Amino acid sequence: AIAPLTDRACRRAATMASVGSRRVAHAVVRATAATTLRLHAAPWRGAASEVLGRAPVNKSSFKHYMHMMSACAKAGDVQRAEGWLSEMKAANLDPSVAAYNTVLDACANASNLTAAERVLEAIFSQHLQPDAYSYCAAIRSCEHSGDVRSAEGFSKAMRSKNIDASIVVYNALLNVCASSGDLESAEAWFETTKSLMDPDVLTYNVMISMYGRAKNVPKAIDMFWAMKDAGLQPDAHSYASVVGACVSARNMDDAEKWLESVLQAGEISIAIFNCMIDGYGKVGDTKMAEKSFEDIRQHSLQPNLTSYNSIMHAHAQAGNTSQVMQRFSEMRRWGIQHDAITYTVVISAFAGAGDLRRAQELLGQMRAAGIEPNEVTYAALLKGCAVKHKVKVAEQLMKDMETSGIKPSHALLNILVNIYARDRNVLGAERAIRRMLKDRILPDQVTYGAIVKAAARSGDHARAEAWLPRMQSAGFIVDARTFYSLLTACAQVGDLRAADVTIKQMKDAGIPEDVISHTTLINACATKADPEEARRRFLAMRSSQIQPNGFTMNAMLNVFIVVGDASEAEIWFSRIARLGVEPEVVSFNGLMRVWASLGDPYRIGLWLRRMSGMKLQADVISYNQAIGAAAKAGDEGLARTFFNRIVKKKLSPTLASYRAVVKPCALHGNRQAVHDYLEQMQGSGFPRDIMCTRALLSACSNADPPAAGEAEATFRLELEAFRRDGMALQCLARAVGRQRFQQLSQELNLPGNVRTTTSSPQRSAMASSPQRRSGVRQVRDASAEMPQAEMPQRRPKPRSPSAAFTLRVTEGQGGTAGLGPRTSRTMALSWDRESTWASVSGTSSELAFGTGGQDCSEPTAELSEPTPLPPDEATCFRLAPSPPPHISEVDRQSSQIRRPKSLPGSPGATFCLRAESEV
């Protein structure tokens with residue numbers, strides 16, 4: 001849009017020059033130069049030179065060249081400024097020190113140290129002497145790169161020429177130190193400045209900012225008061241620097257106090273509010289960040305680009321993508337243009353949330369708006385790829401970045417290596433390192449740590465260990481993290497011998513054993529499925545006076561989960577908790593996973609209540625375990641109850657939640673419930689997969705009467721997938737009948753030898769129950785654990801033919817179930833050793849737990865010691881249901897009986913007690 005205007009302006013200037021109006025011509029050229037340089041329009045220098053060359057050169061031409069070089073200097077265009085300097089020499093005009101200083105200004109604004117050194121050499125070659133302004137501009141060219149050594153070199157050369165440095169020069173030196181973060185050099189130059197002259201407000205502001213970056217709030221505050229003691233009046237930047245120091249240290253309480261001081265002093269600026277927004281975003285308080293954003297308008301200020309970028313960054317860190325997009329759209333309504341930082345913040349929000357598709361769409365919008373993505377933008381996208389393990393997307397982004405002319409930096413390549421490490425792709429990580437070496441980028445400690453982690457996660461211990469000599473030869477010390485990665489490699493394959501060797505290497509390197517190393521060894525035992533070795537490692541950890549943590553608890557639980565010993569997992573859960581370890585949600589989830597595999601939703605319900613009692617909020621994984629257990633037990637009502645709790649607690653059901661809840665519905669032929677859940681699933685953004693479609697087909701076949709038409713239509717929807725699916729074929733055969741199934745087999749080319757048996761939900765549930773699969777399992781109460789040395793390994797069968805016991809049933813408190821006060825009743829129990837069954841006589845009212853299916857305090861049943869048995873022989877007992885089957889739901893824990901679904905009509909209720917001969 002500017003290029004045609006430039007051409008017209010140059011033609012008008014040529015016309016003015018031809019008629020002698022040289023002053024007007026120069027004014028037009030200067031205005032056009034200033035405009036086009038700021039907007040980076042098309043080249044115009046040749047046309048302007050042609051205009052100026054139409055009239056004889058006189059002394060006034062020097063001014064015009066200076067005007068052109070000043071415009072280039074303001075735009076930071078070193079190349080054009082040097083071009084005008086060359087044209088000045090070609091016009092037989094000798095450039096003065098002021099002309100060279102103008103070019104040095106361009107070098108300073110462009111942070112081009114190499115060009116600044118070249119211009120200083122040109123000054124000396126012309127037998128001119130640089131002045132204080134020349135050296136000050138050269139020092140400012142070091143600011144962006146933070147090259148303190150070069151800046152100090154210019155200062156030393158300045159003193160050698162006996163040129164007195166002003167406060168501006170020392171402030172420039174302090175800015176270079178601030179850019180590099182060299183607080184020690186900054187303090188030295190500050191003391192030098194104080195010894196030679198009085199520092200100004202800018203000097204103190206730079207020091208306050210540096211202490212703030214170093215998170216040294218007391219020093220920053222002391223520097224503020226020192227400025228006031230020196231008789232200087234702090235400005236808005238001074239207050240903003242102190243607030244920024246508090247924000248850098250994440251001390252928002254002190255930041256709020258200083259904000260009140262700012263309001264009282266009347267030095268209100270938008271920079272202070274922007275600092276507050278940024279600070280609240282760092283501590284994750286988006287509510288206060290929004291309040292600070294609204295305070296800007298309440299103090300008659302208008303939010304600027306930095307304000308919107310800061311508030312969006314706060315929401316992006318909290319994962320609030322909707323709020324980020326709301327502010328993003330609001331910027332356009334207020335006429336604030338988006339910049340590269342704005343798009344980078346929005347892209348990082350969606351990439352961090354795992355929505356890479358939306359992040360890539362925003363990248364396209366960014367390019368369509370004429371804003372080129374920078375290195376930080378690609379870094380945000382690569383971090384999103386690391387979260388979602390999208391290796392192919394990361395590789396494509398690296399190609400796009402190179403196509404855009406952005407050379408991958410050390411940080412970006414480290415992110416790429418880490419992506420390969422997360423994906424356990426050690427070959428890809430090695431390719432990325434070879435690429436770094438090809439680009440002459442030396443790997444650092446992070447790079448070597450990532451490649452060792454990649455080999456460790458892939459279980460290649462030899463490869464991970466082979467990188468250690470390379471790391472050491474590059475001058476890096478093998479730290480604790482690297483050894484942890486090696487231990488992880490051993491744990492992946494269960495190689496305890498190699499793990500012990502790594503532990504010895506850690507000790508030789510001066511790294512003591514800690515909870516992480518011992519926990520990793522226990523994880524290796526889990527991979528090896530060796531609970532005895534895990535016990536030994538845990539005891540060795542305790543003997544070393546190392547306190548276990550939550551990860552240790554999870555590792556011990558995982559050992560017994562792998563071997564399917566839920567009872568032992570519960571005991572270790574209780575044992576480690578008694579050592580002062582706070583259980584986490586993931587610990588409960590691991591414990592509930594093994595009960596879910598056994599199909600015991602009631603036991604999972606018990607642990608959910610224990611989680612609530614410990615003030616822990618169950619997550620969607622916890623409820624998914626409960627739904628899966630209920631589905632395995634064939635209890636549709638309980639599965640739907642757990643699913644409703646997910647919605648009630650405002651959690652988002654996952655695909656696993658929907659897959660689990662439709663199973664019992666399909667088992668009982670509840671087609672309407674299956675349809676409802678599938679519609680809800682699709683409304684939540686989950687497409688219907690093959691498992692859900694198979695559940696709908698099963699619901700049609702189990703319905704009474706079977707929904708033959710819908711079953712056939714459902715089968716045709718997934719014909720290719722169901723053609724070789726035995727379960728789907730059986731469901732179709734049951735739904736449509738043998739004759740119609742034979743017709744469909746010929747029509748759709750289906751296998752004709754499908755067994756068309758009728759299956760009932762009750763028989764399927766019994767087949768999936770743990771009692772049906774593995775008989776009576778050993779179950780003990782975790783609260784009644786014994787020390788390890790006292791735990792019997794195996795008990796012989798009792799020798800006495802019979803025994804007498806007493807069973808005391810204690811009813812719980814009232815509450816919603818309408819129970820009265822706690823009462824105890826003792827009932828006689830007789831046990832025949834030969835049949836291993838025992839019977840208890842009692843009235844139905846004594847065993848009633850409440851009405852209406854409401855949750856209530858459950859009664860407990862305590863069993864006395866068997867009197868005929870010797871004291872050195874212990875026997876574990878388990879309460880199990882006896883016929884009639886409606887006295888069904890009995891807990892597998894010897895201290896609790898669950899509420900029966902219904903009570904017998906007779907006044908006597910019979911329960912069974914089964915003895916187990918081993919613990």
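**Entry 1: the whole chain**

I reminded myself at the start that this is a predicted model. I then looked up the secondary structure and found 46 helices and 6 strands. The chain has 919 residues, and 48% of them count as buried. I also checked the contacts with a separation of 6 or more: 64% of them join residues 24 or more positions apart. The accessible surface came out at about 44,200 Å², with 51% of that belonging to carbon and sulfur atoms.

**Entry 2: cysteines**

How many disulfides does the structure hold? My search returned 0.

**Entry 3: H15 and H16**

For a packed pair of helices, I noted the angle and the distance between the axes, which is how such pairs are described. Helix H15 covers residues 252-265 and helix H16 covers residues 270-282; their axes come within 11 Å and cross at roughly 165°. Angles over 145 degrees count as roughly antiparallel, and H15 and H16 are therefore roughly antiparallel to each other. The contact draws on Met 252, Ala 255, Glu 256, Leu 259 and Val 262 from H15, and on Ile 272, Phe 273, Met 276, Gly 279 and Tyr 280 from H16. I put the handedness of the crossing down as left-handed.

**Entry 4: H33 and H34**

Next I took helix H33 (residues 566-578) and helix H34 (residues 585-597), whose axes come within 9 Å and cross at roughly 160°. That makes H33 roughly antiparallel to H34. On the H33 side I listed Ala 566, Ala 569, Glu 570 and Phe 573; on the H34 side, Ser 587, Phe 588, Leu 591, Val 594 and Trp 595 make the contact. The crossing of H33 and H34 is left-handed.

**Entry 5: around H7**

I picked Leu 113, which lies in helix H7 (residues 113-125). Is Leu 113 buried or exposed? I found it buried, with a relative accessible area of 14%. Setting aside residues up to four places away in sequence, Leu 113 touches Ser 141, Cys 142, Asp 147, Ser 150 and Phe 154. Leu 113 and Ser 141 are 28 residues apart in sequence, yet their C-alpha atoms are 5.2 Å apart.

Ser 111 sits in the loop between helix H6 (97-109) and H7. Its phi is near 55°, a positive value in a residue other than glycine. I noted Ser 111 as partly exposed, at 25% relative accessible area.

**Entry 6: around H25**

Glu 430 belongs to helix H25 (residues 426-438). With 12% relative accessibility, Glu 430 counts as buried. Beyond its neighbours within four places in sequence, Glu 430 is in contact with Ile 451, Arg 463 and Trp 467.

Arg 440 lies in the loop between H25 and helix H26 (445-457). Arg 440 is exposed, with a relative accessible area of 80%, and has a positive phi of about 60° although it is not a glycine.

**Entry 7: a cis peptide**

Why did I flag the phi values and the next bond? Most residues other than glycine have a negative phi, and most peptide bonds are trans. Asp 704 and Pro 705 are joined by a cis peptide bond, with omega about 0°. I located Pro 705 in the loop between helix H40 (690-702) and helix H41 (708-717).

Terms used. Residues are numbered from 1 along each chain as its sequence is written. This is a predicted model: local features need pLDDT of at least 70, side-chain atom pairs count only at pLDDT 80 or more; totals for chains, interfaces and linings use all residues. Side-chain values use heavy atoms; hydrogens and water are left out. Helices (H or I, at least four residues) and strands (E, at least two) are DSSP runs, numbered from the N terminus. Buried means under 20% relative accessible area, exposed over 50%, partly exposed in between (1.4 Å probe, protein chains only). Contact means heavy atoms within 4.5 Å. Accessible areas come from the Shrake-Rupley method with a 1.4 Å probe; for residues, only the protein chains shown count as cover. A disulfide is a pair of cysteine sulfur atoms within 2.5 Å. Axes are lines fitted to C-alpha atoms, for helices over the stretch in contact, and angles run from 0 to 180 degrees between N-to-C directions. Angles under 35 degrees count as roughly parallel, over 145 as roughly antiparallel, 65 to 115 as roughly perpendicular and the rest as oblique. A crossing is left-handed if the near helix is turned anticlockwise from the far one by less than a right angle, and right-handed if clockwise.
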